[in-house]
Amino acid sequence: MAVNVSSIKTSSNGVWQGDNPLDFALPLLILQTTLIIAVCRLLAVFLKPLRQPQVIAEMLGGILLGPSLFGRNEEYMHRIFPKWGAPILESVASFGLLFFLFLVGLELDLSSIRRSGWRATAIAAAGILATFVLGVGVAFVFRREIEGADEVGFATYLLFMAVALSITAFPVLARVLAELKLLTTHVGETAMSAAALNDVAAWISLALAVALAGDGGDGPKKSPLISIWVLLSGVAFVTLMMVVIKPAMTWVERRSSSRRGTAEDEAYICLTLGGVLAAGLVTDLIGLHSIFGAFVFGLTIPKGGDLASRLVARIEDFVSGLLLPLYFASSGLKTDVTKIQGVEAWGLLGLVITAACSGKIIGTYVAARMCKIPARESITLGVLMNTKGLVELIVLNIGREKKVLNEEAFAILVLMALVTTFLTTPAVIAIYQPEHAATGHRCLQSASAGELRILACVHSPANIPSLVNLTESTRSADKSSRLKVYVMHLVELTERSSSIIMVRRFTQNGFPLINRLRRAGTHLADRAAAAFQAYSSLGRVTIRPATAVSALATMHEDICHVAEEKAVAMIVLPFHKQWVEIDGDDVVETVGYRWSGVAQRVLKEAPCTVAVMVDRGYGPAATNSTAVQNVCVLFFGGTDDVEALELGGRMAEHPAVKVAVISFTNTVTGKITAPEFKENDEVAVAKLLHRMEGRVEVIEKTAIKIVDDVIEIGRDGGYDLIIVGKGTPCSSTIAAAEHPELGPIGNVLASSYQGVTASVLVVQRPISQELSLSKRPVGGHDQKLNLA
């Protein structure tokens, strides 16, 4: 039944009153949105094993829902995607695109682009120019072979085609790099910087193309002066935004941050969101697309501030998760692959794919080699810079909207974007996989006497004080010994693009966590800043910042890789719970139980010793020469306990640390409780303790009720830190562990219900090291353990 467009109503009266909801705007839009989201998410699940970015699933989903597959059924198209509903769907999708481009501008730091360096600039320029030239050649072929293409203005068609082929999709590239764990490598950082420059060049070129396009090939020809007026108006708009609006938004950011949580703060947020719409309206009035206004307005927001982060948090999930897939679907509904018919049409598809790939890869490769980048990294950069995606679809949709591209050319270019992006991940995997030489398993006992290397991981700024104190406590008093600490910030990779942009800023700023909290004015910022200031002033200590961005399921791979590459002796992980004091009460804060799985996988696969820190306020006292920290080592026997004892011996060398070793003995034999602990192992441990004499207080305790004894030690309040081995061999007498990464004794001490006040450090030796203590050369460690 034909529907009269002029009589379309928003909502129906329901099926019980004889209305078909699909003949009304809102029910139809809800059904379309639900179908689009379901198809795109389902495709994302199937493509995940291939490590393809979300954009591939959304592009493919849009094509499948359109006339290329499902749309070949006329009843389906008539009911689900009728022609009268297309403007509604496209309007909602464009609304989402408007705010997405605002987010892109919000996250694009122009100052970082200026700091990109000559290498990234040369690589970006070479890739753009080579593809631009080939794009002009492809445009000549298209105008000759595709019917109706020669009706469009020559300069306009050439410019659109060249822009379409030369684009690198910055958000999609960031996702690909993160999935391949290349984001923080030299190749990844170079590719991101070059892609950011490419993005800016693409938007400028697209603005020029839109200004020249006018109404495309239909209707009366307009004066060339109109295009000049459009360009001049666009330049005036950008100048106004940067000269007037940008300082105004800096003022708004300061006012909003100082009045956070008040009605005035909400007014500033609404004002900013309204500014997005106003900027889009102005550029649409000028003759440019409304997305340019939103993008430029996003550039005016101060980067890294509180306002920017709250804007992202409020709108990103709704825009990227719900509205943006509608834009891909609307593009797919315009893409009819069946229009590509005959050998010539498919030959044009092969031509455009070849031109896009060869231009980017060859141009980037030549420039990278001239910059003295190795050949394998150069070819990898070329493949990465050939990534297409959302920006490509925006260009093509604007070209279709301006009637520069007809159905056949549009379908060919959409497939080109899909194919080139799909090939990026497998091509990079095949070409570039950094080789890492295995260095064997390491532990504290086998660490070099001249240098101790520690990898300290942090979830949040709250972890910093305790980790600073712990690593400083291991610093030897021997002036010939050095301590090198790799501080790794662990960032969860989500579907949100902001998490990737945040990581890129972290790699540029070193330790941004402290700066972010200092702006927030929290007490924790003062603690962290003071700890690092004191720590950095110490001699013989080297600090190296690092960042790991990954899904939690694979985060352990990044941690273990850095530990292997840097040959560290110990990884320090924060427990996912932390005890903090608020208004005199102890409050348990958590970053999420899923981080427990990360710790468990690190413990299983780490190439070195791992220590999990349960922090109850183990602050930076060891960096203060007037304060003394009391540390207790609980010794039951077993390899993990021996490693804990080794750590305690190292800490005892620090003048501000006092260490006590409590050795639990069997009630019958009077020996160490571990049943598998051999007699000669006991002799070796005795020698180890003998060397610590004068530095370490040794207390022997008969193990009667182990849990009660351990809780009593934790409640005593005489110790700031309790060190215990994870694989304590008395687990048969203790209930099942709530947190497997802590082991039986660690779980008892970490319980929130036992009244334990001390922080806890659970130590595990590499699980593949099965040598007993008696088989290790005890005398070989005299230089490290001579505490007298």
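**View 1. Overall chain, seen through its contacts and surface.** Among contacts (heavy atoms within 4.5 Å) in the protein chain between residues at least 6 apart in sequence, 80% join residues at least 24 apart. This is a predicted model, in which local features need pLDDT of at least 70 and side-chain atom pairs count only at pLDDT 80 or more, while totals for chains, interfaces and linings use all residues. Residues are numbered from 1 along each chain as its sequence is written, and side-chain values use heavy atoms, with hydrogens and water left out. Of the 788 residues in the protein chain, 55% are buried (under 20% relative accessible area, with exposed meaning over 50% and partly exposed in between, for a 1.4 Å probe and protein chains only).

**View 2. The largest nonpolar core around Y157.** This core, a set of buried Ala, Val, Leu, Ile, Met, Phe, Trp, Tyr and Cys residues joined through side-chain atoms within 4.5 Å, has 144 residues, and Y157, L165 and I394 have the most contacts inside it. Helix α9 (residues 186-213) gives the most to this core, with 15 residues; helices here are DSSP runs of H or I with at least four residues, numbered from the N terminus. Leaving aside residues up to four places away in sequence, Y157 touches A139, F142, R143, A149, V152, V404, L405 and A409.

**View 3. The aromatic cluster of F70, Y76 and F81.** Ring pairs link these three residues into a cluster, where rings of Phe, Tyr and Trp (its six-membered ring) pair if their centres lie within 6.5 Å, and planes under 30 degrees apart count as stacked, over 60 as edge-to-face and the rest as tilted. By this rule the count comes to 6 aromatic pairs. The rings of Y76 and F81 have centres 5.9 Å apart and planes at 65°, so this pair is edge-to-face, and both Y76 and F81 are buried.

View 4. E75 and R79 meet through their side chains in a salt bridge at 3.7 Å, N to O, the criterion being a side-chain nitrogen of Lys or Arg within 4 Å of a carboxyl oxygen of Asp or Glu. Both residues lie in helix α3 (residues 74-80), 4 residues apart, about one turn of the helix. D23 is linked with E75 and R79 in a network of salt bridges.

**View 5. The salt bridge between E407 and K339.** Their side chains meet at 3.3 Å, N to O. Because E407 lies in helix α17 and K339 in the loop between α13 (306-334) and α14 (342-370), the pair ties together parts that are 68 residues apart in sequence.

Terms used:
Helices (H or I, at least four residues) and strands (E, at least two) are DSSP runs, numbered from the N terminus.
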